[in-house]
Amino acid sequence: SAFILSVPLFIFGIPELKTGFWSAFLIAVVLNVFAQWAWYTAFKKEEASLVAPLRLLTPPLVLLTGYFVLAEQPSLWGAIGIFVTIGGLWFLLNSEAKFKGMRLLSVLKRPGVLLGLWGAISFAISFPLDKKAVVASSPLFLAALALFTVGIVNFVIGYLMHHRDGHFFAGLKEDWRVIIFIPFVHAAGSFLTYAGLNYALAAYAASVKRLWSFWTVILSGKLLEEKNIFKKIAAI
């Protein structure tokens, strides 16, 4: 994804980096390294249609982190709208518990759900820092640099952990078409998200970004044939 964005970055040039860029960038990178690991591990352990909506927890938390990092104060109705997502998240987890004959607490204790929640919390902390870095540079530069740095760090960690057992490169040959497609989607999504931060409060941008949870649920039912989709859609 970073290499794809480096092409337009080479054309338009590196912007002036203002005060506060590097501190915000480095903290956000550390948070995103953990969040990406937690997020993809959660996808490995649970259905995508259950994990993706856990990011609905991010916008309400960004109300708090956005205030402390950026001193942003959404309107009362904006805050109420963001908190409505908590009701949807509760409905989602509760319907999943009933669908599988479990208690709500049992669903929350599942490793994949816990990792997804920790990932959502990490993203909530990093999102205002992302905006701070965008304002101090440019969306294109930040997207390219962040994807490159997080990607390299995760690649090195993953290689050191799994290269001896042969699992690190497992599946690359079988899934190469998907792996080639994903970077283009991530590159476009990252750039557009960072660009949007120039025009909206962090909490509002985080809420709009959560629309991807809705599409993930729909596509999970279609492509992965996951169950309980209608209630998950209602929750989203």
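Me: Before anything else, what kind of model is it, and how are residues numbered?

Reply: It's a predicted model, where local features need pLDDT of at least 70, side-chain atom pairs count only at pLDDT 80 or more, and totals for chains, interfaces and linings use all residues. Residues are numbered from 1 along each chain as its sequence is written, and side-chain values use heavy atoms, with hydrogens and water left out.

Me: OK. How many helices and strands does the protein have?

Reply: There are twelve helices and zero strands. Those are DSSP runs numbered from the N terminus (H or I, at least four residues, for a helix; E, at least two, for a strand). Along the sequence the pattern reads α-α-α-α-α-α-α-α-α-α-α-α.

Me: What radius of gyration does the protein have, against a compact globule?

Reply: The protein has 18 Å, and a compact globule of 236 residues would be near 18 Å, so the two agree. The radius is taken over C-alpha atoms, and the globule rule is 2.2 Å times the number of residues to the power 0.38. Along its principal axes, the C-alpha trace spans about 55 × 50 × 30 Å.

Me: And what share of the residues is buried?

Reply: Buried residues are 41% of the 236. Buried means under 20% relative accessible area, exposed means over 50%, and partly exposed is in between (1.4 Å probe, protein chains only). The accessible surface of the protein is about 13600 Å², with 72% of that belonging to carbon and sulfur atoms. Those areas come from the Shrake-Rupley method with a 1.4 Å probe, and for residues only the protein chains shown count as cover.

Me: What about contacts, how many link residues 24 or more positions apart?

Reply: Such pairs account for 82% of the contacts with a separation of 6 or more. Contact here means heavy atoms within 4.5 Å.

Me: Switching to charges. How many positive and negative side chains are there?

Reply: There are 20 positive and 11 negative ones, and the centres of the two sets lie 5 Å apart. Lys and Arg count as positive and Asp and Glu as negative, while His and the chain ends are not counted. Each charge is placed at NZ of Lys, CZ of Arg, CG of Asp or CD of Glu.

Me: How many salt bridges does that give?

Reply: The count comes to three salt bridges, taking one as a side-chain nitrogen of Lys or Arg within 4 Å of a carboxyl oxygen of Asp or Glu.

Me: Start with arginine 110. Which residue does it pair with?

Reply: Arginine 110 forms a salt bridge with glutamate 46, at 2.6 Å from N to O. The pair links distant parts of the chain, 64 residues apart: arginine 110 is in the loop between α6 (104-108) and α7 (111-135), and glutamate 46 is in the loop between α2 (21-45) and α3 (48-51).

Me: Are those two buried or exposed?

Reply: Arginine 110 and glutamate 46 are both buried.

Me: Then who's the partner of glutamate 47?

Reply: Lysine 232 meets glutamate 47 in a salt bridge, 2.9 Å from N to O. That one also links distant parts of the chain: glutamate 47 is in the loop between α2 and α3, lysine 232 is in helix α12 (residues 229-235), and they are 185 residues apart. Glutamate 47 is partly exposed at 23% relative accessible area, whereas lysine 232 is at 0% and so counts as buried.

Me: And which residue meets glutamate 72?

Reply: Lysine 131 does, in a salt bridge of 2.6 Å from N to O. Glutamate 72 lies in the loop between α4 (58-70) and α5 (76-99) and lysine 131 in helix α7, so the bridge ties together parts 59 residues apart in sequence. Glutamate 72 and lysine 131 are both buried.

Me: New topic, backbone. What's up with phi of alanine 71?

Reply: Phi of alanine 71 is positive, near 60°, in a residue other than glycine. Alanine 71 lies in the loop between α4 and α5 and is exposed, with a relative accessible area of 55%.

Me: And asparagine 228, where does that lie?

Reply: Asparagine 228 is in the loop between α11 (211-223) and α12. Its phi is positive too, about 60°, although it is not a glycine. At 14% relative accessibility, asparagine 228 counts as buried.

Me: Last one: what is threonine 216 in contact with?

Reply: Leaving aside neighbours within four places in sequence, threonine 216 is in contact with Ala48 and Ala52. Threonine 216 is found in helix α11.
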